[in-house]
Amino acid sequence: MKFHRTTLENGLEIIAEENESALSTSLGFFVKTGSRDETDDLSGVSHFLEHMVFKGTSRRDAERVNIELDELGGVSNAYTSEETTAFYVKVLPELQERAVDLLADIMRPALRQADFDSEKKVIVEEIKMYEDKPPFGIDEKCREYFWSGHPLARSVAGTIESVEGITRDGMLGYFERRYSPSNILFAACGQLDFDRLLNWVSSACGSWRAYDAPRVLSPVKGARSSHAIQRDGSSLEYVLQLVDSPTQCEYDRIASSLLATILGDEVGSRLFWELVDTGAAESADIFPCRYLDAGFMATSLVCKPEDVGSNLATIRQLLADAASGGVTEEELTRAKNKWLTSIALAGERPLSRLFSIASYWLATKEYHTVGETLDLVRRTTLDEVNESQKKYPFTNPFTIAIGELSELPTFE
């Protein structure tokens, strides 16, 4: 493995992990922008803009973009999150030059009014479709209440009202504020020749105009409250409980993640044996969600509405027992083996490595080999895992539920 890094004169960062044994190449543009960088009147514009990028450029119309993506024959997609908008492909090594040219071109979209108007209807219908499904919205609603008033509380998709209110000029202004080359990372993984790759990216992107695209970080702690959102006709109740946890940049995120695996992995955890294996719940798990300046640990429960009270009491007791008695070395070993296997398997796939190195670079400006990442997990001690329960306790969680219940049970 060889790691390469450089920055073009206009500020575009380029990183690449060269793997001579790989049979494919994955590459993409990662824009440091998402729902947290929007304003209330532009809520959902990052996701909307992600759609518009595929609607054509000055060189290609939408049909040509999609034909050429298909001709590459691999995997192509995009996503928008609270902090990142990404556009990526997985191709054969000999198709890298075409892939770079196409991706770089769509990163400077035409944003034609006709395309804007038609795609707005698609996104509004998409929001309506998901709102009809009972669990939809619980993740975004929980962040809206948990981090009320903070940029991370904004919905990635936006609302029907906010999307309908976005204008083409408003989107163009947002694009010109956020899609600066100095705010974009180009990353590649797999079989590649970095010098040739650098020439292709420089040729395609070197003329992009540079400007400032600042982002203000503001650490925040989550609220402590309960909310029940009624959805008549739902046969199951969907419950999330949130507490604060380490950010994406903090070292103790690893111990915290291992703790989540021990207590709430989908299979083999304490929560699994207590609620899922016994049939008391459809699903029950614990997982972390991390951002640059905040993080939360979520306990998820899906069960019959009439079982919510008893299942939440069970979860409360299980977490209290873990806090007072700690977890065991045997449990930590099992959790580490799950993580080590997952990291090793992902490390063999260029697309998985692309997401891994790009996300970590965006957060920390650091690069870790697969071996170094494995060592970080192996070195995590039982004391560190148990200490994370004290630093970020599960007590007094924020709770939100979507389903038939009009109120949630309370505990002394």
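This is a predicted model: local features need pLDDT of at least 70, side-chain atom pairs count only at pLDDT 80 or more; totals for chains, interfaces and linings use all residues.
1. By class, 18 nonpolar, 13 polar and eleven charged residues make up the lining of the largest pocket.

2. The volume of the largest pocket is about 1400 Å³. Its lining consists of 42 residues, and those closest to the centre of the pocket are Q248, R253, S356, S359 and Y360.

3. Several elements each give two or more residues to the lining of the largest pocket: the helices α9 (253–264), α12 (329–347), α13 (350–364) and α14 (370–379), together with the strand β9 (283–290). Which element gives the most to this lining? It is α13, with eight residues.

4. The second largest pocket has a volume of about 570 Å³. It is lined by 27 residues, of which Q241, R316, T395, N396 and P397 are the closest to its centre.

5. The largest share comes from α11, which supplies eight residues.

6. How do the residues lining the second largest pocket divide by class? There are 15 nonpolar, ten polar and two charged residues in this lining.

Methods: Residues are numbered from 1 along each chain as its sequence is written. Side-chain values use heavy atoms; hydrogens and water are left out. On a 1 Å grid over the protein atoms alone, a cavity is a set of points where a 1.4 Å probe fits but cannot get out, and a pocket is an open set with protein on both sides within 12 Å along at least five of seven lines; lining residues have an atom within 4 Å of a point. Grid points are joined across faces, edges and corners, and a volume is the space filled by probe spheres set on the points. Helices (H or I, at least four residues) and strands (E, at least two) are DSSP runs, numbered from the N terminus. Ala, Val, Leu, Ile, Met, Phe, Trp, Tyr, Cys and Pro count as nonpolar, Asp, Glu, Lys and Arg as charged, and the others, Gly among them, as polar.
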